[in-house]
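Hello,

Here is the structure I promised to hand over. Please open it alongside this note, and then read on for what turned up.

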Amino acid sequence: LDWSGWLGFLEERGYSRILLFGHSLGAVKTAYYLATSRDPRAQGCVLASPPRFNTELMLASERGAEFAAGIAAANERVDAGRPDDLVTTTFPLKSVSGAHAYLAKYTMGKRFDVFDHVAKIPCPVLALTGSEELGDPVFRDHPASYAAAKKKKPDIDFTVVPGGDHFYT
């Protein structure tokens, strides 16, 4: 809904060559939006450090126990009829969020996994990941996964930003 609204806003003002840029969760949303809507108003996109929203991958990682604990804590609150209670979690990132929101974001299987969507994006894609992120389970397979996606979609370019952390500082 966010991208559709912004694209409409720009289109009403006469813009026709629009590049979408999303970072982190914004990159996940950008990939999902473009792959599912196939909106022709976007002429290209940049996906900067989209984390893998893949429940199975995160549970199987070396930090899977942390992730499972976060899910259990959130489920406990939801089951108790308190879906808006806050839960503190450490994986996939340190955060405090509503129990239901945490589950909706991280336990949807592969629904929001960027690599289930990137090859379906109708416009050219530039993807970036900081080299400092590659040790993290939600980023480490970016080089191989973008290479595999490029076989299906040749207009994907991927680069690892040397020394880049998640915020490219």
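**Glu133 and its surroundings**

Apart from its neighbours within four places in sequence, Glu133 is in contact with Ser49, Phe139, Gly164, Asp165, His166 and Tyr168. Please keep in mind that this is a predicted model.

Where does Glu133 sit? Its place is the loop between strand S5 (125-130) and helix H6 (142-152). Is Glu133 buried or exposed? Its relative accessible area is 4%. The cut-off for buried is under 20%, so Glu133 counts as buried.

Two of the contacts of Glu133 deserve a look at the side chains. Another polar contact, of 2.7 Å, links the side chain of Glu133 with that of Ser49.

Met108 and Glu133 are 25 residues apart along the chain. Their C-alpha atoms are separated by 23 Å.

**Ser145**

Now move on to helix H6, where Ser145 is found. Ser145 has a relative accessible area of 17%. That value also falls under the 20% cut-off, so Ser145 is buried. Leaving out neighbours within four places in sequence, Ser145 is in contact with Arg52 and Phe115.

**Helices H4 and H5**

Next, look at two helices that pack together. Helix H4 covers residues 64-79 and helix H5 covers residues 99-106. Their axes are 8 Å apart, at an angle of about 130°. Angles of 65 to 115 degrees count as roughly perpendicular and those over 145 as roughly antiparallel, so H4 and H5 are oblique to each other. The crossing of H4 past H5 is left-handed.

Which residues make the contact? From H4 come Phe67, Gly70, Ile71, Ala74, Asn75, Arg77 and Val78. From H5 come Ala99, His100, Tyr102, Leu103 and Tyr106. By class, the residues of this contact of H4 with H5 are 8 nonpolar, 3 polar and 1 charged.

**Helices H1 and H2**

Finally, go to helix H1 (residues 2-12) and helix H2 (residues 25-37). They pack at an angle of about 75°, and their axes are 10 Å apart. The range of 65 to 115 degrees counts as roughly perpendicular, so that is how H1 and H2 lie to each other.

H1 brings Asp2, Trp3, Ser4 and Leu7 to the contact. H2 brings Gly26, Lys29, Thr30 and Tyr33. The contact of H1 with H2 divides into 3 nonpolar, 3 polar and 2 charged residues.

Best wishes

Terms used:
Residues numbered from 1 in each chain as written. Predicted model: local features only at pLDDT ≥ 70, side-chain atom pairs only at ≥ 80, totals over all residues. Heavy atoms only, no water. Helix = DSSP H or I, 4+ residues; strand = E, 2+ residues; numbered from the N terminus. Buried < 20%, exposed > 50% of the residue type's maximum accessible area, 1.4 Å probe, protein only. Contact = heavy atoms within 4.5 Å. Polar contact = N/O pair within 3.5 Å; in protein donor to acceptor, adjacent residues only side chain to side chain. Axes fitted to C-alpha atoms, helices over the stretch in contact; angles between N-to-C directions. Parallel < 35°, antiparallel > 145°, perpendicular 65-115°, else oblique. Left-handed = near helix turned anticlockwise from the far one by under 90°. Nonpolar A, V, L, I, M, F, W, Y, C, P; charged D, E, K, R; others polar.
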